[in-house]
Amino acid sequence: MPRIAEVRVTPILISDPPLLNVQGVHQPYTPRTIVEVVTENGAMGLGETYGDLDYLKLAQEFAPSLAGAELTVNHLGAGLLETVRRVDVERIDNRVQAEGLRGARTLGKIAASVRSAFEVAIYDALGHELGVPVHALLGGKVRDAVEFSGYLFYRWAEHPGPDEPKDDWGAALDPEGVVAQAKRMAADYGFDSFKLKGGVFEPAQEIAAIRALAEAFPGHPLRLDPNGAWTVPTSLEVAAQLEDVLEYLEDPTTGTRNMAEVARKTSLPLATNMCVTAFDDIPEAFACDAVQVVLSDHHYWGGLRATQDLAAVCGVYGVGVSMHSNTHLGISLAAMTQIAATIPDLRYACDTHRPWQTEDVITEPHTFTDGRIRVTDAPGLGVELDRDSLAKLHERWVDSDVRRRDDLAAMRRVNPQWTVPTW
Ligand SMILES: O=C([O-])C(=O)C[C@H](O)[C@@H](O)C(=O)[O-]
Ligand SMILES: [Mg+2]
């Protein structure tokens with residue numbers, strides 16, 4: 001087996017538009033961590049994960065231990081566990097508000113997210129060593145293209161501060177704005193299905209937005225995701241009103257018990273990237289049929305093989321599997337596409353934030369045809385690092401004091417009284 005010669009971990013800050021969710025609003029810049037694994041033969045592999053300070057610290061502490069190791073992935077778990085024990089957990093910052101959008105915040109999930117960046121980078125490097133795509137290393141693709149869904153957000157036209165990044169999407173704060181956004185996504189990317197990020201306005205307003213989408217796109221699969229903003233009665237009320245047009249309802253409420261109660265009383269499937277977010281969550285949630293679709297995030301599920309394991313477990317229980325997304329760049333999108341290509345029973349189009357990103361660290365950001373990304377057979381992930389861009393985005397990180405994503409703090413810049421709402 002070739003050995004790893006060098007590992008580099010680079011924190012960056014990327015521009016992010018003012019997208020609204022139940023926590024608040026995306027900050028102008030959000031952190032990501034980029035991992036490079038270089039083999040003794042000069043092959044290189046890339047990985048990407050969350051960039052909040054605790055993830056970064058763990059990645060930085062773990063990286064040196066890989067120098068000289070074999071280019072394989074099975075030793076990653078044990079090595080990382082050792083690092084987790086060594087890192088002073090007290091120093092790990094515990095106030096990351098964005099975590100509320102992806103379920104419980106646990107050290108296990110943080111470690112899994114860090115592991116995933118190294119796992120992906122090792123598979124990428126191995127693919128380059130062997131001249132085969134990552135999907136071949138994972139058993140082979142079962143489809144030539146992966147379908148994605150248009151991820152719609154209520155949003156402001158601009159961030160509130162001067163000299164903050166801008167884009168040309170404009171505001172979307174009512175049903176008309178949401179439909180206009182969906183039309184542009186359909187025209188530019190060919191998406192067939194749409195997910196609206198809810199939990200922003202009163203449920204009645206979000207029901208009206210979904211109704212407007214159903215009218216503009218008759219028969220197209222629609223989803224609504226308020227990130228657990230609703231009580232059980234509100235969830236049931238919304239479900240009753242949208243039963244005829246939603247493909248699934250995503251995390252209407254929080255907690256296994258509440259989700260199970262909603263699931264028992266609606267015919268709509270419930271999807272989640274908040275209720276079942278780790279293997280430990282599965283026994284209880286599946287036993288009470290709390291969720292019908294698990295939306296994986298290969299970062300916090302622990303990597304590409306873990307995502308395949310998740311799909312296998314879901315298959316046994318008749319639970320659907322698909323993918324949620326979080327502000328990501330092209331390395332993670334390449335990884336998502338490669339892993340999605342290997343999962344036989346992928347019944348739903350995956351989420352992606354790609355249309356919202358104006359920057360990337362790969363030389364050729366992905367394009368969509370008919371809402372799909374072609375599964376490349378090029379070696380590794382099939383993407384190339386844009387060194388200039390990485391350096392520029394790292395410099396931004398060095399010059400800034402933003403060290404975590406914090407949608408609540410970003411909203412409080414505009415509304416100091418802001419608290420996370422529940423309906
Ligand atoms: O499906 C989800 O809940 C997400 O994609 C989580 C994200 O963080 C989303 O809420 C966002 O970008 O605001
Ligand atoms: Mg979600």
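How many nonpolar, polar and charged residues are there in the lining of the largest pocket? The lining has 6 nonpolar, 7 polar and 3 charged residues. In this count Ala, Val, Leu, Ile, Met, Phe, Trp, Tyr, Cys and Pro are nonpolar, Asp, Glu, Lys and Arg are charged, and the others, Gly among them, are polar.

Before going on, some ground rules. This is a predicted model, where local features need pLDDT of at least 70 and side-chain atom pairs count only at pLDDT 80 or more, while totals for chains, interfaces and linings use all residues. Residues are numbered from 1 along each chain as its sequence is written, chains are lettered from A and ligands numbered from 1 in the order in which they are written, and side-chain values use heavy atoms, with hydrogens and water left out.

## Pockets

Rolling a probe the size of a water molecule over the atoms shows where empty space is left. Here the search runs on a 1 Å grid over the protein atoms alone: a pocket is an open set of points with protein on both sides within 12 Å along at least five of seven lines, a cavity is a set of points where a 1.4 Å probe fits but cannot get out, and lining residues have an atom within 4 Å of a point. Points are joined across faces, edges and corners, and a volume is the space filled by probe spheres set on them.

The largest pocket holds about 330 Å³ of space. Its lining is made of 16 residues, and E364, H366, T376, G382 and V383 are the ones nearest the centre. Two elements give two or more residues each to that lining, helix 11 (330-342) and strand 12 (372-374). Helix 11 gives the most, with 3 residues. Helices (H or I, at least four residues) and strands (E, at least two) are DSSP runs, numbered from the N terminus.

Next comes the second largest pocket, with about 260 Å³ of space. There are 15 residues around it, and L80, G108, A111, A112 and R115 sit closest to its centre. Helix 2 (76-86) and helix 3 (107-130) each supply at least two lining residues, and helix 3 gives the most, with 6. By class, this lining divides into 10 nonpolar, 3 polar and 2 charged residues. Why does this pocket lie between domain 1 and domain 2? Because domain 1 (4-134 + 386-399) and domain 2 (135-374) both give residues to its lining. The domain bounds come from an automatic or database domain assignment.

## Cavities

The whole structure has 3 cavities of 30 Å³ or more. Here are two of them:

| Cavity | Volume | Lining by class |
|---|---|---|
| Largest | about 100 Å³ | 3 nonpolar, 8 polar, 3 charged residues |

The largest cavity has 14 lining residues, with L101, Y151, K197, N326 and R405 nearest its centre. Domain 1 and domain 2 each give at least three residues to this lining. The second largest cavity is lined by T30, P31, R32, Y50, G51, D52, R102, N326, T327 and R405. Strand 2 (residues 29-39) gives the most here, with 3 residues.

Strand 6 runs parallel to strand 5 (residues 150-153), with 4 bridges between them, and L196 is the bridge partner of L152. Two strands count as paired if DSSP finds at least two bridges between them. Together with helix 5 (residues 175-189), these two strands make a right-handed β-α-β unit.

K197 stands opposite D225, and K195 stands opposite R223. The link from strand 6 to strand 7 goes through helix 6 (residues 203-216), and that β-α-β crossover is right-handed.

In strand 7, L222 and L224 point one way, R223 and D225 point the other way, and all are buried. Strand 7 runs parallel to strand 8 (residues 246-250), joined by 3 bridges, and L224 has L249 as its bridge partner. With helix 7 (residues 232-242) they make a right-handed β-α-β unit.

Methods
A crossover is right-handed if, with the strands pointing away from the viewer, the path from the first strand over the helix to the second runs clockwise. Buried means under 20% relative accessible area, exposed over 50%, partly exposed in between (1.4 Å probe, protein chains only).
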